[in-house]
Amino acid sequence: MTILVTGAAGFIGSNFVLDWFKQYSEDVVSLDLLTYAGNRENLSALESNPKHHFVWGNISDSKLVDALLKKYHIRAIIHFAAESHVDRSILSPDDFVQTNILGTYRLLESARLYWQNLNQTLKETFRFIHVSTDEVYGSLSASESAFTEKHRYEPRSPYSSSKAASDLMAHAWFCTYGLPVITTNCSNNYGPYQFPEKLIPLCILNALKGKSLPIYGDGKQIRDWLYVKDHCGAIFKILNNGRIGETYNIGGMNEKTNLEVVQSICDILDQFKPKVDGKSYFDQVTFIKDRPGHDKRYAIDAKKIQSELNWKAQEPFEAGLRKTVLWYLDNQDWVDHIFTGEYQQWIKKQYL
Ligand code: NAD
Ligand code: TYD
């Protein structure tokens, strides 16, 4: 049998598929629309792997998804595909509604119609893993306890509200139709292959280019950072042993202010790629206008997944961040292709 991974050419999806083949021999269908955030190159290591099937397409294309589910005898869907960047959602929410809400709805419907026609054994083992974010819970003050799975939904950005809508629908498809859905709500990820619009890769690459490191507001906002490989490990456990209809919060127990994160990036770069003038990259920090509705703090209480599935984040932040910075230093071609637009041309040449 086979699993279907949506958004597999994005940051977390590609890490997930690469890690999958390190552990399992089961086939994977990678479905991705290759939006600006999707990069076929992330999966280039699997090009000659006959067990990996890349499909360029939209989760909203029900005809395509229905056909894939049947053709490959899909036994689980891992749903990563989304518009994922808060700042883009503020400037242009439409794509977020289309993909995160309508796209997830269409995918749930395709899954339901396929699942309903499976035999009893396959029906029982089928899984729909809906990958979501801690941002659906809204913003915490400094003194509030970390988000548990019971925390009320209080999304505050177009991105988080679109993800919240999709979470509610996924859960409703479990309650109403019995579709075996499990939802995950994860904190901020970092690691290889992250598109350089998010804080960590943006600052690494801006620093190297001598550009400013833009900090919104006072830089004291807090995120709970999780190394992407730890997130993928959590999803493996949930896929194998998670309880259907449940939600699992996934986090790194690793709260940092944005300024602390940027300071750490600069320290690593100062060590591995010192500037010729002997100054620190941290001098490039510039405080700019705050993000509208900027959530102050996210923090995950991951006790449920720890006690039920024996999962805990393994990678210490400093070590994970060092690996991440070194990955960007070592993968200049990947970076160049994104910046030169060569990557976009490649998509046109290959697919259009
Ligand atoms: P990403 O933006 O890097 O990748 C998203 C991928 O989805 C891209 O490859 C894109 O081409 C694809 N895609 C977009 N619309 C599509 C569509 N209509 N049909 C098919 N493919 C489509 O995102 P990411 O950071 O890898 O996040 C993956 C998932 O994890 C998202 O659902 C996100 O909400 C969630 N999440 C992300 C983080 C994080 O820190 N990055 C944290 C928690 C949860
Ligand atoms: P981001 O990586 O966009 O993730 P999210 O908004 O989903 O948490 O941002 C992480 C934090 O960094 C967030 O508090 C916003 C802040 N930030 C900046 O200060 N400057 C930037 O240029 C970016 C992209 C983010």
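Residues are numbered from 1 along each chain as its sequence is written, while chains are lettered from A and ligands numbered from 1 in the order in which they are written. Because the model is predicted, local features need pLDDT of at least 70, side-chain atom pairs count only at pLDDT 80 or more, and totals for chains, interfaces and linings use all residues, with side-chain values resting on heavy atoms and leaving out hydrogens and water.

Around it stand 28 residues, of which Ile-12, Asp-32, Ser-84, Tyr-159 and Lys-163 are the closest; a residue is near a molecule if one of its heavy atoms lies within 4 Å of it. Oxygen atoms of ligand 1 lie 3.0 Å from a polar backbone atom of Phe-11, 2.8 Å from a backbone N or O atom of Ile-12 and 3.0 Å from a backbone N or O atom of Thr-35. Ligand 1 taken alone exposes 830 Å², and 97% of that is buried by the protein; these accessible areas come from the Shrake-Rupley method with a 1.4 Å probe.

Helix 1 (11–23), strand 5 (127–133) and helix 6 (158–177) each supply at least two residues, and strand 5 gives the most, with three. By class, this shell holds 13 nonpolar, 13 polar and two charged residues. Here Ala, Val, Leu, Ile, Met, Phe, Trp, Tyr, Cys and Pro count as nonpolar, Asp, Glu, Lys and Arg as charged, and the others, Gly among them, as polar.

Ligand 2 comes next. It has 18 residues around it, with Glu-135, Pro-214, Arg-223, Arg-291 and His-294 coming nearest. An oxygen atom of ligand 2 is 2.5 Å from a side-chain N or O atom of Arg-291. Ligand 2 oxygen atoms also lie 2.9 Å from a polar side-chain atom of Asn-258 and 2.9 Å from a backbone N or O atom of Leu-199. Of the 510 Å² that ligand 2 exposes when taken alone, the protein buries 96%. Helix 3 (86–91), helix 7 (199–208) and strand 8 (213–216) are the elements giving two or more residues to this shell, the largest share being the three residues from strand 8. Seven nonpolar, five polar and six charged residues make up the shell around ligand 2.

On a 1 Å grid over the protein atoms alone, a cavity is a set of points where a 1.4 Å probe fits but cannot get out, a pocket is an open set with protein on both sides within 12 Å along at least five of seven lines, and lining residues have an atom within 4 Å of a point. Grid points are joined across faces, edges and corners, and a volume is the space filled by probe spheres set on the points. The second largest pocket has a volume of about 260 Å³, and helix 6 gives the most to its lining, with three residues. The count of cavities of 30 Å³ or more comes to one. The largest cavity holds about 40 Å³, and its lining includes Arg-291 and His-294.

Key: Polar contact = N/O pair within 3.5 Å; in protein donor to acceptor, adjacent residues only side chain to side chain. Helix = DSSP H or I, 4+ residues; strand = E, 2+ residues; numbered from the N terminus.
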